[in-house]
Amino acid sequence: MATPTLQVALDLLELDRAVEIAGEAVRGGADWIEVGTPLIKSEGMQAVRVLRERFPGHEIVADMKIADTGAIEVEMAAKSGAGIVCILADADDTVIVEAVRSARKYGVRLMADLINVADPVSRSRELAALGVDYINAHVGIDQQMIGRSSLDLLRRLAGEVGTPVAVAGGLDAETASEAVAAGASVVIVGGNIVKAADVTGAARRVREAIDRPEIRPREEESRDAVIRRLFEGVSAPNVTDAMHRKGAMAGIVSLSGRVRAVGPAVTVRTVAGDWAKPVEAIDVAGPGDVLVISNDGRTDVAPWGELATHSAKNRGVSGIVIDGAARDVDDIRAMGFPVFATATVPNAGDPKGLGEINTEITCCGQEVRPGDWIVADESGVVVVPRERAYEVARRAMEVRKTEERIREEIRRGKTLSEVSELLKWERRH
C-alpha cells in the first residue's frame, strides 16, 4: 500500500497566520498544503503565490471550488503556483471538460469535490471518465454539524471508482486512520490541525495515525449522550457564539461561583415564591436534567432554598435556574451545587401548589420549553432549542477550537486585534 498523503486545509482568512500555521503543520508531517476557499476569497491568488514561495518542496492545492469558467480558473491557480486545483463535482460537464483541458495544458492535476452531490458513486464514475485526477469524498462543515459523515461517503465509494480518492470533513487522528483503512489515498484535515494550539503536535498525531491505519471498534453513543458530552466540553459563551449571540438569559448569576450545569430543561411556572411546584418538579426530573423555574420575576420571595437543593442533588439533577430569588445561599454554596438566580432573599413563600410543570415558560427573557438544552456556567445561562441541540453543540465545539489557536497566538505575543485583523474586516458602510 502506498504511503497516504496528508493534506492540511488552511481554511483561514489571514495570510500571515496561514503561512505560520502551514509551517507548523509541515513540521508535523503534512505533505500537501491546501489554500482553503476562505483564504482564496480573502486574499486571492496572492495566497497561492506566497505559499508556493514559502514551501517550494510541498504540493500546493488551490481549493477554488470551481463552478464555472473552468479553464480560466485552473489557469489562474496554475500560474500562481498550485499543483492541484479543486473543482465542484456537480459543475456542468462542459466546465469539467474545460478545466481538464486547462489542467493538462498547464501541467497540474484536478480534484473534484463531491460536496452536495446527490449520487456520488455515479458522478464519481462520470468524473473519472472525464479525466479528473482525484475524487474528494467531502462532507461540508454545515453538513457535519447535523451529523453527516465523510467516512460514510468514503465507504460508499470504496471499490466503485479507480481514480484515487481523497477524503475531507471533520477528520481527526482516529477517523483519518479509519479513512486510510477504508481506501483513501489523500487525507485532508483542517480544523483539528489548524485550530490546535500545538499545530505541529496535532499534525504529527494524524501523520502517525494514517501511517498505521486501522479501524477500531467503537461504542455507539446515543444522540443525547453526544449532545451532553459536547456541551460539557464548551462554555456558555462558546454556545452563544455558535448561535450568533442568541439564547443567553439576562440578569442571572451563579450563586455557587465556578460551577456548571448541562442538561435538558424540566420547566416550572410558579408565582410569588410558591415552592410547591418547584419541589414537585424534582420528582419529575431525571438524572442530568436542569430545573428551570419562572417565579414570575419576583425577587422579594424565594421559591428555592437549601432543602430543595439537597433533594435535587440526591436526585442527580444537574442544576437549577431561577427567574427570581433563592435563599440559604451560604448552604447552597457550601454544597457546590449549581444554582443560578436573579437575586437572593431570605423570605420563602408558601407551598400553595399554584403553577405548572413542563410547560413552556419565559425565563430571564428567553423562551424555554421542556427538553430544550441548558448550558450554564459562571458567565451565565444559555437556552438551546431541543431540535437544534446537536448542531449547536457541534458548532460550539468548533468555536472552542478556534479560540484555542487564537489564545496560543496571543500567548506568543500578538494582540487580539492583530490576530483578527480587525481593521481589515471592519464593516464598510
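Below is a working chat about the fold and packing of a predicted model.

Biologist: What kind of model is this, and what pLDDT do local features need?
Modeller: The model is predicted; local features need pLDDT of at least 70, side-chain atom pairs count only at pLDDT 80 or more, and totals for chains, interfaces and linings use all residues. Residues are numbered from 1 along each chain as its sequence is written, and side-chain values use heavy atoms, with hydrogens and water left out.

Biologist: How many bridges join strand 6 and strand 7?
Modeller: Four bridges, in the parallel sense, between residues 134–138 and residues 165–168. Two strands pair if DSSP finds at least two bridges between them. His 138 has Ala 168 in strand 7 as its bridge partner.

Biologist: Helix pairs now. At what angle do helix 1 and helix 11 pack?
Modeller: About 40°, with axes 7 Å apart. Helix 1 is residues 15–27 and helix 11 is residues 199–211. They are therefore oblique to each other. The cut-offs: under 35 degrees is roughly parallel, over 145 roughly antiparallel, 65 to 115 roughly perpendicular, and the rest oblique.

Biologist: Which residues meet there?
Modeller: Ile 21, Glu 24, Ala 25 and Arg 27 in helix 1 meet Val 199, Thr 200, Ala 203 and Arg 204 in helix 11. By type, that contact divides into four nonpolar, one polar and three charged residues. Ala, Val, Leu, Ile, Met, Phe, Trp, Tyr, Cys and Pro count as nonpolar, Asp, Glu, Lys and Arg as charged, and the others, Gly among them, as polar.

Biologist: How do helix 14 and helix 15 pack?
Modeller: At about 10°, with axes 9 Å apart, using residues 276–284 and residues 306–315. That makes helix 14 roughly parallel to helix 15. Val 279, Ile 282 and Asp 283 of helix 14 contact Ala 308, Ser 311, Ala 312 and Arg 315 of helix 15.

Biologist: Switching to rings. How many aromatic pairs turn up in the whole structure?
Modeller: Two. In one, Trp 32 and Tyr 134 have ring centres 5.7 Å apart and planes at 80°, so the pair is edge-to-face. Rings of Phe, Tyr and Trp (its six-membered ring) pair if their centres lie within 6.5 Å; planes under 30 degrees apart are stacked, over 60 edge-to-face, the rest tilted.

Biologist: Where do Trp 32 and Tyr 134 lie?
Modeller: Trp 32 is in strand 2 and Tyr 134 in strand 6, so the pair ties together parts 102 residues apart in sequence.

Technical notes
Axes are lines fitted to C-alpha atoms, for helices over the stretch in contact, and angles run from 0 to 180 degrees between N-to-C directions. Helices (H or I, at least four residues) and strands (E, at least two) are DSSP runs, numbered from the N terminus. Contact means heavy atoms within 4.5 Å.
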